[in-house]
Every structure is written in C-alpha cells, then in structure tokens.
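Subject: Structure handover

Hi,

Here is the structure I promised to pass on. Please open it and keep it beside you while you read my notes.

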Amino acid sequence: AKPLASVEVESNVSREGEPDAYVIAVYQSPSWPVLAEEAYYGLPGEIVQAMEPHTEADPVALLANLHCGFGNIIGRGAYFRVGAGLHHLKLDVGLVGETAKGRKGTSWDQPRELLHTVAPYWAAERILNGLSSGEGLIYAVRDQVMGRNKRGEEIVEDEGVSDKRLLVMEGELASTLKVMSREGNTLSPIIRQAWDDGRLQVMTRNNPMKATDAHVSIIGHITKAELLRHLNQTEQANGFANRFI
C-alpha cells in the first residue's frame, strides 16, 4: 500500500515528556488490476461482456477459460507459424485467487455452458482432471498399439484414443506441483512436451506408451500462498512456469 497523505491530529492524552500531536499516515489499498481493453478485442470480448452480469467471476478468468476451451475444441487444425515451428491454439492457464472468495471454479460455469453447446461430445468426454503423473497424461491421449497373436497375426492390443484433444481442469494445482517435486515423477517434462509439439513418450521398459499430435490444454486453480510455496526454483527455471499464463 502507498501512503496518500500524512495527517496531524491532536492527542487527547496528556503525558509528561510526550508530544501532544501525532502524525498518522493514511494508506490506500492496492487497486485491483484491470486488463487492458485491447485484450477483449473481437468476439471473445463480446462474449465476456455478455456473461459478466450473470456471474461473480472475474472477467479475466472468464476470458482465459473461454480462450483455453475454444482453443482445445479447435484442435490442431489451426496454428501460427513461428519460424519453422507450428504454434497451435493450446493454452495452459493458472487462475490465482483466494479460496472461495476468488470464484475460480465459478469462472468456468458460463464458458462451459457455451462450449458444451458448441461441442457436446468434447465437453462430455475430453475434459478430465487429476494430473498426477506423466504416464497418466499420456494414457489419456495415447496412440493405438498393434501387436501379434500366437499365430503371428497382427492384432490391436490397445485401441488408444482417437480424439487427441484434452482439456485438463485441475481444481487443486497445488497438488500437481507437489507431486511434480517427487523424485522420478515425469509430469513436468511431459506437460512441457505437450505444450511444445504434442509428441509424448516415456521410455519405460514394461509399458513404453506414446502419443502423437496430442492437443493438451490445462486450466489450474491455486491460491497465491500455495503458488509461492510449491512452485519451486527448478520449475521456475526449466520452462514449466513459462508455459502457463
């Protein structure tokens, strides 16, 4: 908080050796940050403005959820070319706010209703939660696995997942950060791979799963205190945090 002014007031208590007036600084609480109007450009901004009167959620969270969900629905058909790389419309978003008062969960209600109307199958089948391991994330978008039976005939051992779109709704992002810190957990590098190019693989001997052309987006909820406590220096430096808005 920044002091606005100093006000001198008379003391109503007279004590020997003490001043008869005190200086009191008047402080102003930090103002709530407001997103620039340019961020609400076009149809997404118009949708957020239409939603605002019907929710207690912050418009920034509405906009982030809307962009994240829509980009996941679109899949890998649309992209921006940056040099030789293709940047698809997949976002990882961290919504930071107080428990209960932050309305983080509420901010998904309105966008979810709209996106369910646009893509009912996606809303019913391709929104999951429970980030705990890299293997688990790959399993949700895994490729088909072929093999051979005892007669040498080619068979399908695992149908895999044909729809490579996946929106992960993680209501307790702090739990995800905590499991990532455990030795041997592969979640952090897999999330980074998913954001980079969508080719996911762990080289385990018993179950070498892989996923190609995965289109993974993440919306995580966390409090400021939890974020400061559990986002360790490693994840700040290795690019994990950089991939989240």
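**The aromatic pair**

One aromatic pair turns up in the structure. Phe240 and Phe244 form this pair, with 5.1 Å centre to centre and 45 degrees between the planes, so it is classed as tilted. The rule: rings of Phe, Tyr and Trp (its six-membered ring) pair if their centres lie within 6.5 Å; planes under 30 degrees apart are stacked, over 60 edge-to-face, and the rest tilted.

**Before you read on**

This is a predicted model, where local features need pLDDT of at least 70, side-chain atom pairs count only at pLDDT 80 or more, and totals for chains, interfaces and linings use all residues. Residues are numbered from 1 along each chain as its sequence is written, and side-chain values use heavy atoms, with hydrogens and water left out.

**Overall picture**

The protein has nine helices and 12 strands. These are DSSP runs, numbered from the N terminus (helices: H or I, at least four residues; strands: E, at least two). Of the 245 residues, 36% are buried. Buried means under 20% relative accessible area, exposed means over 50%, and partly exposed is in between (1.4 Å probe, protein chains only).

**Back to the two rings**

Phe240 is buried, at 4% relative accessibility. Phe244 is buried too, at 18%. Phe244 lies in the segment after H9. Leaving aside neighbours within four places in sequence, Phe244 is in contact (heavy atoms within 4.5 Å) with Asp92, Val93, Gly94, Ile191 and Ile218.

How many of the eight residues of helix H6 are buried? Six are, so H6 (residues 173-180) is largely enclosed by the rest of the structure. The six are Leu173, Ala174, Thr176, Leu177, Val179 and Met180. They pack against S9, helix H7 (187-196), strand S12 (215-222), H8 and H9.

Now find Leu231. Leu231 sits in the loop between helix H8 (224-230) and helix H9 (233-237). Leu231 counts as buried, at 16% relative accessibility. Residues up to four places away aside, Leu231 touches Leu177, Glu226, Gln236, Phe240 and Ala241. Leu231 and Leu177 are 54 residues apart along the chain, yet their C-alpha atoms are separated by 6.4 Å.

**A buried charge**

Glu170 is in strand S9 (residues 165-170). A salt bridge puts a side-chain nitrogen of Lys or Arg within 4 Å of a carboxyl oxygen of Asp or Glu. The side chain of Glu170 does reach the backbone nitrogen of Gly130, at 3.0 Å.

**Salt bridges**

The whole structure has eight salt bridges. One of them joins Asp213 and Arg76, with the closest N and O atoms 3.5 Å apart. This pair links distant parts of the chain, 137 residues apart. Asp213 is in the loop between strand S11 (210-211) and S12, and Arg76 is in the loop between helix H2 (59-74) and strand S3 (79-82). Asp213 is partly exposed at 43%, and Arg76 is partly exposed at 26%.

Arg151 forms a salt bridge with Glu153, at 3.1 Å between the closest N and O atoms. Arg151 is exposed at 67%, whereas Glu153 is partly exposed at 40%.

Best wishes

Conventions:
A polar contact is a pair of N or O atoms within 3.5 Å; within protein, one must be able to donate a hydrogen and the other to accept it, and residues adjacent in sequence count only if both atoms are side-chain atoms.
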